Amino acid sequence: MIFHFSPKSQLLSLSSSSLTSLCLRPFLLSSPKFPFYPSLLLKPRFSLACCLSTGGSLRMDSPSPDPPFSLSVDSVADGLKNQSLTEQDNDNINNQNKNVKLSLEDLNWDHSFVRELPGDPRSDSIPRQVLHACYTKVFPSAEVENPKLVACSDSVADLLDLDPKEFEGPDFPLKFSGASPLVGAVPYAQCYGGHQFGTWAGQLGDGRAITLGEILNSKLERWELQLKGAGKTPYSRFADGLAVLRSSIREFLCSEAMHFLGIPTTRALCLVTTGKLVTRDMFYDGNPKEEPGAIVCRVAQSFLRFGSFQIHASRGEEDLGIVRALADYAIRHHFPHIENISKTESLSFSTGDDDQSVVDLTSNKYAAWIVEIAERTASLVAKWQGVGFTHGVLNTDNMNILGLTIDYGPFGFLDAFDPSYTPNTTDLPGRRYCFANQPDIGLWNIAQFASTLMAAHLISDKEANYAMERYGTKFMDEYQAIMRRKLGLQKYNKQLVNKLLNNLAVDKVDYTNFFRSLSNIKADPGIPEDELLVPLKAVLLDIGKERKEAWASWVQSYIQELVAGGISDEERKASMDSLNPKYVLRNYLCQTAIDAAEVGDFGEVRRLLKVMERPFDEQPGMEKYARLPPAWAYRPGVCMLSCSS
């Protein structure tokens, strides 16, 4: 697929042969460049490479030379943020202790997106190509009959300064199903495009999500509210614009669960049923059925995606100004520290041997911006890998510019450690979005975003390649730091980690429960060999003599590292348990809550939410939520899902 973006740059390259250039070959290749998963377990599947040629065409299949880079700072994004403290920052600090509780009618609405960016002159929901516009004003239109509140998040209400008592109001489900308008809202659907499974898909957009507007809280934080499943928009294509209870419960719960795991994510204020049935073909096998309809209110500081910029760059010179306008908008409202950076040598980096090969992030705010986006994305993916989360649909339209996890479809946690695991049935043929490939896919997506900014003449090829270099460096730094802390080590031991991950994969060990149990091992080199695995007996199930010996050997090496670290067992256990969760949102737990909710019992959804709000605590009496999946959980539609929702 070729896109005629016509940039002025010489070359944007992602190489499959250099760790330095960080176009890292996927784990599924025989020689992975992110070597923290055991490569012997998988066969080669595909190679990751792309290039932006001098003719202005974005190609998906052409490897090219590696750019030479060097770097001497830990985090460019942190450096940018330290450059200035704006008046807004001061206001935030001064307002931090305000305890404001507002009614829905008193929320402080703002509408910067529709005020500052070009919109569609039409406001109907007829599916069509929407040109030269970032959004279409459209009202929620889902049919509603006696909607009911399934669950709500007090934590998100607090972000908005919303009084939690509002959840109890009889008209609350009506307002958050779209049946009754919210005072102050200006609803719209966003226009964006994206690469889906590596192929440009053209215009996509909010096909069933309608943003109500932005709330400014007492800290002057900007939060967008969005109803997902609220009806048709011009971007619905051939779909109905609706959502079912099944997928909405998963989105609501995982949004909140990920937040409490410490992973950047969109949030969810509430979930309501519509009282209407929606027809869905869950497995795309020609057997549709009716399911309860639902709407989830998603909340994020921005729902801008990589694809929000890509769609306009793909439409030629006439729309390149929209890419710049969107970038200016994003920087002004969400990256204000970049708008205010000043000239400094500390943010100039050499990208080669000659004096001309320098990237100065203070001379081009767009270069500083994409570097920060690359770093935020790398940090996000590192956190996914650390907790064993697989997104399942890492298309460029599912990548948020703030580095948030967005669009919870067929996600999954690693119940059994398998680097090739994908929870998405659509992804099964090539496993493009499997767990082990996520770091490479994150980089590939950054490359597509960089090519968009190059096409709009906002950054140079050197600046684009530097951003990708920063992605790789940031990812490796963060991932190694996470694994070091998960293991309770004072320094990262690559050999120890690689051997551990190999063992986990060979024996398909539950990823979450293993790391939670690991803190029970004592730093005592005198433990008899036949007792080494006692602390891990609950997670090392059905392994033979040879595998027990392999694990015992690893535990001995691990104990040696612990002894060298000099940290007491009690202190280390407390630290490890604060990072290794006891509870994660396993797919079978979601399904149990879904089964109950579909017959009108919302209690399990609410209990599961409460458990996931404290994932690192023991929570006596809740141990069943940490159990391994039962046999029924491995049926289609539970452990693996399609995108049907």
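# Notebook: a look around Arg222 and beyond

**Arginine 222.** I began with a side-chain pair: arginine 222 and serine 112 make a polar contact through their side chains, at 3.3 Å. For polar contacts I take a pair of N or O atoms within 3.5 Å; within protein, one must be able to donate a hydrogen and the other to accept it, and residues adjacent in sequence count only if both atoms are side-chain atoms. The side chain of aspartate 110 is another such partner of arginine 222, at 2.7 Å.

A note on what I am reading: this is a predicted model, where local features need pLDDT of at least 70 and side-chain atom pairs count only at pLDDT 80 or more, while totals for chains, interfaces and linings use all residues. Residues are numbered from 1 along each chain as its sequence is written, and side-chain values use heavy atoms, with hydrogens and water left out.

Where does arginine 222 sit? I found arginine 222 in strand 12 (residues 222-228); helices (H or I, at least four residues) and strands (E, at least two) are DSSP runs, numbered from the N terminus. Arginine 222 counts as buried because its relative accessibility is 13%. My cut-offs are under 20% relative accessible area for buried, over 50% for exposed, and partly exposed in between (1.4 Å probe, protein chains only). Leaving out residues up to four places away in sequence, arginine 222 touches, among others, Glu214, Ala300, His333 and His334, a contact being heavy atoms within 4.5 Å.

**Two loop residues.** I then checked the loops on either side of that strand. Leucine 220, in the loop between strand 11 (209-216) and strand 12, has a phi near 65°, a positive value in a residue other than glycine. Arginine 237, in the loop between strand 12 and helix 6 (245-260), also has a positive phi, near 55°. Leucine 220 is partly exposed at 34% relative accessible area, and arginine 237 is partly exposed at 47%.

**The whole chain.** I counted 18 helices and 18 strands in the protein chain. Of its 645 residues, 61% count as buried. Among contacts with a separation of 6 or more, 74% come from residues 24 or more positions apart.

**Cores.** Which residues have the most contacts inside the largest nonpolar core? They are Trp369 and Phe514, in a core of 140 residues. Helix 10 (residues 365-387) gives the most to this core, with 14 residues. I define a nonpolar core as a set of buried Ala, Val, Leu, Ile, Met, Phe, Trp, Tyr and Cys residues joined through side-chain atoms within 4.5 Å. Tryptophan 369 touches residues including Phe309, Ile331, Phe335 and Phe449, not counting residues up to four places away in sequence. I also found a second, separate core of 34 residues, which includes Trp200, Ala230, Cys270 and Cys297.

**Rings.** The structure holds 27 aromatic pairs. Rings of Phe, Tyr and Trp (its six-membered ring) pair if their centres lie within 6.5 Å; planes under 30 degrees apart count as stacked, over 60 as edge-to-face and the rest as tilted. Tryptophan 551 and tryptophan 554 make an edge-to-face pair, because their planes are at 80°, with the ring centres 6.3 Å apart. Both lie in helix 15 (residues 545-565), three residues apart, about one turn of the helix. Tryptophan 551 is buried at 0% relative accessibility, and tryptophan 554 is buried at 2%.

Lysine 486 lies over the face of phenylalanine 515, at 4.4 Å from the ring centre. A charge sits over a ring if NZ of Lys or CZ of Arg is within 6 Å of the ring centre and within 35 degrees of the ring normal.

**Cysteines.** How many disulfides does the structure hold? I found zero, taking a disulfide as a pair of cysteine sulfur atoms within 2.5 Å. The sulfur of cysteine 152 is 7.6 Å from the closest cysteine sulfur, in cysteine 270, so the gap is too far for a bond. Cysteine 590 is in no disulfide either, with the nearest cysteine sulfur, that of cysteine 254, 6.8 Å away. Cysteine 152 is partly exposed at 24% relative accessibility, whereas cysteine 590 is buried at 0%.

**Valine 605.** My last stop was valine 605, in helix 18 (residues 603-612) and buried at 0% relative accessibility. Valine 605 touches Val150, Ala151, Ile249, Leu253, Ala593 and Ala597, not counting residues up to four places away in sequence.
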